[in-house]
Amino acid sequence: MRKITSLFATVGICAASSVAVAMDGSWSESDLFVGISGGYAKTKVKVDGVSGDDKSDNTGFFNLRFGSFWQDDARAYITVGYNKPKDADLGGNAKVTDIKQLNLLVSADYLFMPEWEFQPFAGLTIGATDTKADGYQLGDPPKSGSFDNKWSFAYGAQGGVIYKIDNFDLEAGLRYLTNSTSHHYREHHHVKLKVNDSRQIYVAASVHF
């Protein structure tokens, strides 16, 4: 809980600092940006306590982001993202269904060769992930239930390239994102769900103001 509290405090400080500096006029008009991103994520779904293999599937995701550039060689931004991995068939007529993840992330990137039109970058991400899922098992009668949902600490890294066009930029990149939490099945507490190790390929577009 202390990790999550510290994270939200960091998000608040970053957001407040951005607004304060922007109102002060210390940054040029092109330093703040807002954008969208989307792509495909290969996310591992694992359930402990039942038979069956780990599942990894390519699924679509999308994000909204807001941030700022510092000098010409660094940027920081807040991302709100949504990811919905596919249902996981665990064998023995058991399934994990309706898996949903909400991510609240803070990222920082270093831009290499900022004077170039194409700017490679690499950075780190921390944040929080909220995971929800249901369980289903065929039988007579069939049984259904749900996994407990809670915020968990998330972290990762990303890299890619940015192409700037006036007050717009286009971006393509790769990101690895993971979290450290198991989710108990409410009807059978020994069954635990992990939805982590997400490998993402994405494109993004942002406008500067």
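**Entry 1: Phe33 and Tyr77**

I looked up Phe33 and Tyr77 and found both buried, where buried means under 20% relative accessible area, exposed over 50% and partly exposed in between, with a 1.4 Å probe and protein chains only. I note that this is a predicted model, in which local features need pLDDT of at least 70, side-chain atom pairs count only at pLDDT 80 or more, and totals for chains, interfaces and linings use all residues. Residues are numbered from 1 along each chain as its sequence is written, and side-chain values use heavy atoms, with hydrogens and water left out.

**Entry 2: Aromatic pairs**

I find 7 aromatic pairs in the structure. Rings of Phe, Tyr and Trp (its six-membered ring) pair if their centres lie within 6.5 Å; planes under 30 degrees apart count as stacked, over 60 as edge-to-face and the rest as tilted. The pair of Phe33 and Tyr77 is tilted, because the ring centres are 6.2 Å apart and the planes stand at 55°. Phe33 belongs to strand 1 and Tyr77 to strand 3 (residues 74-83), so this pair ties together parts 44 residues apart in sequence.

I then looked up Phe62 and Tyr82, a tilted aromatic pair with 5.9 Å from centre to centre and 40° between the planes. Phe62 sits in strand 2 (residues 55-70) and Tyr82 in strand 3, so the pair links distant parts of the chain, 20 residues apart. Tyr82 is partly exposed, with a relative accessible area of 29%. I also recorded one aromatic cluster, formed by Phe33, Phe69 and Tyr77.

**Entry 3: The chain as a whole**

I count 1 helix and 11 strands in the protein chain. The chain has 209 residues, of which 41% count as buried.

**Entry 4: Nonpolar cores**

Which residues make up the largest nonpolar core? I list Val45, Val47, Ala88, Val96, Ile99, Ala133, Phe147, Tyr185, Val191, Leu193 and Val195, 11 residues in all. Strand 1 (32-48), strand 5 (94-111) and strand 11 each give two or more residues to this core, and strand 11 supplies the largest share, 3 residues. A nonpolar core is a set of buried Ala, Val, Leu, Ile, Met, Phe, Trp, Tyr and Cys residues joined through side-chain atoms within 4.5 Å.

I checked Ala133 for contacts (heavy atoms within 4.5 Å). Not counting residues up to four places away in sequence, Ala133 touches Val96, Thr97, Asp98, Ile99, Ser146, Phe147 and Leu193. A second, separate core has 10 residues, including Ala41, Phe69, Leu111 and Ala204.

**Entry 5: Asp73**

Where does Asp73 lie? I place Asp73 in the loop between strand 2 and strand 3. Asp73 counts as partly exposed, because its relative accessibility is 29%. Asp73 and Asp109 are 36 residues apart in sequence, and their C-alpha atoms are 8.4 Å apart in space. Leaving out residues up to four places away in sequence, I find that Asp73 touches Asp109, Tyr110, Leu111 and Pro114.

**Entry 6: Phe209**

I located Phe209 in the segment after strand 11 (188-208). At 44% relative accessibility, Phe209 counts as partly exposed.

Key. Helices (H or I, at least four residues) and strands (E, at least two) are DSSP runs, numbered from the N terminus.
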